[in-house]
Amino acid sequence: MEDFRDLKSDGPEIVEESSCPECGCKRLIRDYERAEVTCASCGLVVDDHLLDLGPEWRAFDAEQREKRQRGGAPMTYTIHDMGLSTVIDWRDKDIYGRALSPQSRAQMSRLRKWQMRARISDSTERNLSFALSEIDRIGAQLRLPRNVREAASVTYRRTIERRLIRGRSIESLTASALYVACRQFAVPRTLEEIAAVTKVDKKEIGRSYRFLARELGIKLAPTSPVDYIPRFASDLKLSGEVQGKAIEILGKVVSQGLTSGRGPMGVAAAALYIAAELSHEQRTQREVAEVARVTEVTVRNRYKEMVEYLGLRVP
DNA sequence: AAGACGAAAGTGGTTGA
DNA sequence: TCAACAACTTTCGTCTT
């Protein structure tokens, strides 16, 4: 019987190979979609740069696996020719390691030259190749999982194909493509976080993002405050219990329509603040505001609204 | 002394005429 | 294109623990 343990599963899975540094328990939840490993009992985000290095296909039984397995690196969209082009070695040696004759060496150098010209031929190719390495760089710095970077690359390819780059900087478009990808995969990063690792400022990324969304017809659901809870809670070293409570509060608040038009980060921050207070793991408004990148005043205002409309009485 | 609270004025972006 | 508008920020003074 075939061993399937190394095949990708559909959703989050429980792993027991290491233990949580906070509570020491052995049950960790590995979630490829969100690229996080969290502790099942205390909710600590143990590892948030989980990379999925598996093949892009999935096999459901041994026969399929046999058929799909093949040589070569997985095809990827983050290399401008999708990683498929031939690479000519730079050493002037043949396959046995012997030095090449002068004629062969001249031929090889001509081949190399033409290969470079073929690979990065016109300006759009050059643009793509720069942009994709940029996406990879930013993605790596933000510790974004491979699938998010792939999605960003696809988006960028589409903008090039539609000739939408004119006058806009590559930097701002790559940044927005990543921002879009993050939201598509519900691993939200704030505009500020992306701006911090690029030369483009928050305003500019926002502008290009709206531009992309309009021109490419990308429809994104507004970011849910719930998506921010695990990360913020982890930054604040709050327990899984508090996270659960915060999400519960958010459920009620959202159904009351209290959150429409409000910034999701402020809402998430206030919910966490209340949940922490209820669980006697108080954090100051300042601390919560800081990880959520909003001001104390905003936390206060959301907090006030929630307590008032939900009839929550906080001692 | 630190944190919570609130008022007031300013900012950047959306919307609708 | 401009003005109204809501959400959010900045700043600062007061109250509470």
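Predicted model: local features only at pLDDT ≥ 70, side-chain atom pairs only at ≥ 80, totals over all residues.
Residues are numbered from 1 along each chain as its sequence is written, while chains are lettered from A and ligands numbered from 1 in the order in which they are written.

Chain A contains twelve helices and four strands, these being DSSP runs numbered from the N terminus (H or I over at least four residues for helices, E over at least two for strands). Of its 315 residues, 41% count as buried, a term that stands for a relative accessible area under 20%, with exposed meaning over 50% and partly exposed the range in between, as computed with a 1.4 Å probe on protein chains only. Among the contacts in chain A (heavy atoms within 4.5 Å) that link residues at least 6 apart in sequence, 59% join residues at least 24 apart.

DNA strand B is surrounded by K203, R210, Y273, T284, Q285, R300 and K304, a residue being near a strand or molecule if one of its heavy atoms lies within 4 Å of it. Of the atoms of DNA strand B that come within 4 Å of the protein, 65% are accounted for by sugar and phosphate. By class, the surface near DNA strand B has one nonpolar, two polar and four charged residues, where Ala, Val, Leu, Ile, Met, Phe, Trp, Tyr, Cys and Pro count as nonpolar, Asp, Glu, Lys and Arg as charged, and the others, Gly among them, as polar.

DNA strand C, in turn, is surrounded by G261, R262, G263, V294, T295, V297, T298 and R302. Sugar and phosphate make up 83% of the atoms of DNA strand C that come within 4 Å of the protein. A phosphate oxygen of DNA strand C is 3.3 Å from an N or O atom in the side chain of R262, and a phosphate oxygen is likewise found 3.0 Å from an N or O atom in the side chain of T295. The residues of this surface divide into two nonpolar, four polar and two charged.

Attention then turns to a pair of helices. The axes of α11 (residues 285–292) and α12 (residues 296–310) come within 8 Å and cross at roughly 105 degrees, the axes being lines fitted to C-alpha atoms over the stretch in contact and the angles running from 0 to 180 degrees between N-to-C directions. The two helices are therefore roughly perpendicular, a description that covers angles of 65 to 115 degrees. In their contact, Q285, R286 and A289 of α11 meet E296, V299 and R300 of α12, and these residues divide into two nonpolar, one polar and three charged.

Several individual positions complete the picture. S172, placed in helix α5, is buried with a relative accessible area of 0%. Apart from its neighbours within four places in sequence, S172 is in contact with V200, E204 and S208; S172 and K199 are 27 residues apart in sequence, yet their C-alpha atoms are 8.3 Å apart in space. T223, in the loop between α7 (202–215) and α8 (229–235), is buried at 18% relative accessible area and touches R183, P188, Y228 and P264, residues up to four places away in sequence not being counted. The side chain of T223 also makes a polar contact with that of R183 at 3.5 Å, such a contact being a pair of N or O atoms within 3.5 Å, of which, within protein, one must be able to donate a hydrogen and the other to accept it, with residues adjacent in sequence counted only if both atoms are side-chain atoms.

Two residues in loops have a positive phi without being glycine. For R163, phi is about 55 degrees; this residue is found in the loop between α4 (146–161) and α5 (170–184) and is exposed, with a relative accessible area of 61%. For H280, phi is near 55 degrees; H280 lies in the loop between α10 (264–278) and α11, where it is exposed at a relative accessible area of 67%.

Conventions: Heavy atoms only, no water. Parallel < 35°, antiparallel > 145°, perpendicular 65-115°, else oblique.
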